[in-house]
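Hi,

Here is the structure I promised to pass on. Have a look at it first, and then read my notes below.

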Amino acid sequence: MQLLVSVNSVSEASLALSAGVDLLDLKDTTYGALAMLDMGVSQAILQAVRHHRIAHPASTVTVSATIGDDCASMEQLKQRMDARLEAGVDIIKLPATIWLDSDLQTTLQRFLGHQVSLIAVFSPAELAEHAFMHEKLAELSAKGYFGVMVDTIDKHMPVTAQVDQHTLRAFIQLAQSLALTVGVAGGLQVSDLKLLSLMRPDYIGFRSGLCEQQQRKNCLSASMLMTTVEKMSDICQ
Ligand SMILES: O=C[C@H](O)COP(=O)(O)O
């Protein structure tokens, strides 16, 4: 099980890299749920990741990026994705407003055809619609998506309070049975790790719970990050 941490600056990325975080998620954490990070900042972070990989050849750190909570056109989608992939992002995370949009499918199919790794993000409400969730997971797998995850918009409650355990388990198990990498995120605290780890997602995502005053727009706390990395490593042993 891996740890994903959303970062919004070179200093946060460097902190996460030195702590040994597996998945760096480039995201503007000042608004929305999947807001995209400025390209200049993204490029600077990717440069720091390249330096880290050179200095630590055994590092398996992977970089994902969000591209916004919505997208107006195929041209805009292509431009946002191209910019990040060319800069060195490994995985693009898409909200349902994009991965479900019939007008954007041609562009998404083109990226999938070029083996670009895409993650489709589900909201708690979308998981609650069991038939919809089953149907979409099968479709995404057939289309060649790399993975899926659940993340929340309302950050006042953890995802574990917004989705019942049975549904979360079903989502994780069905996705994995369809060869989709699956992640769980949304207002999580370190104390949620134990329960979630029993469900065996491929990764668990954090932001708010690792920030000063638990506010996702504040900076990452170095001590919270270290505590989480250590806890994760204990759980995974
Ligand atoms: O992708 C992971 C999210 O950025 C998690 O953010 P959050 O812990 O603030 O919900």
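Before the notes, one term: I call a residue buried when its relative accessible area is under 20%, exposed when it is over 50%, and partly exposed in between, using a 1.4 Å probe and protein chains only. Keep in mind that this is a predicted model, where local features need pLDDT of at least 70, side-chain atom pairs count only at pLDDT 80 or more, and totals for chains, interfaces and linings use all residues. Residues are numbered from 1 along each chain as its sequence is written, and side-chain values use heavy atoms, with hydrogens and water left out.

Glutamine 115 is exposed, at 67% relative accessible area. Its phi is positive, near 60 degrees, although the residue is not a glycine. You'll find glutamine 115 in the loop between helix 5 and strand 5; helices (H or I, at least four residues) and strands (E, at least two) are DSSP runs, numbered from the N terminus. Arginine 200 also has a positive phi without being a glycine, at about 55 degrees. It sits in the loop between helix 10 (193-199) and strand 8 (203-206), and with a relative accessible area of 63% arginine 200 is exposed. For background, most residues other than glycine have a negative phi.

Helix 3 and its surroundings

Helix 3 covers residues 74-87, so 14 residues, and spans 20 Å from first C-alpha to last, close to the 20 Å expected at 1.5 Å a residue (the expected span is 1.5 Å times one less than the number of residues). Its buried residues are Leu77, Arg80, Met81, Asp82, Ala83, Arg84 and Ala87. They pack against several elements, among them helix 2 (39-55), strand 3 (62-66) and helix 5 (105-113). Just past the end of helix 3, glycine 88 has a positive phi of about 115 degrees.

What does threonine 107 touch, apart from neighbours within four places in sequence? It is in contact (heavy atoms within 4.5 Å) with Met74, Leu77 and Lys78. Threonine 107 belongs to helix 5 and counts as buried, at 5% relative accessibility. Between threonine 107 and leucine 77 there are 7.6 Å, C-alpha to C-alpha, though they are 30 residues apart in sequence.

The cores

A nonpolar core here is a set of buried Ala, Val, Leu, Ile, Met, Phe, Trp, Tyr and Cys residues joined through side-chain atoms within 4.5 Å. The largest one has 67 residues, and Leu24, Phe122, Tyr145 and Val148 have the most contacts inside it. There is also a second, separate core of ten residues, including Ala33, Ile119, Val121 and Met149. Leaving out residues up to four places away in sequence, valine 148 touches a set of residues including Phe122, Leu137, Phe171 and Tyr203.

The largest pocket

On a 1 Å grid over the protein atoms alone, a pocket is an open set of points where a 1.4 Å probe fits, with protein on both sides within 12 Å along at least five of seven lines; lining residues have an atom within 4 Å of a point. The largest pocket holds about 230 Å³, where volume is the space filled by probe spheres set on the points, and points are joined across faces, edges and corners. Its lining includes Lys155, His156, Gly187, Gln214 and Arg216.

Happy browsing!
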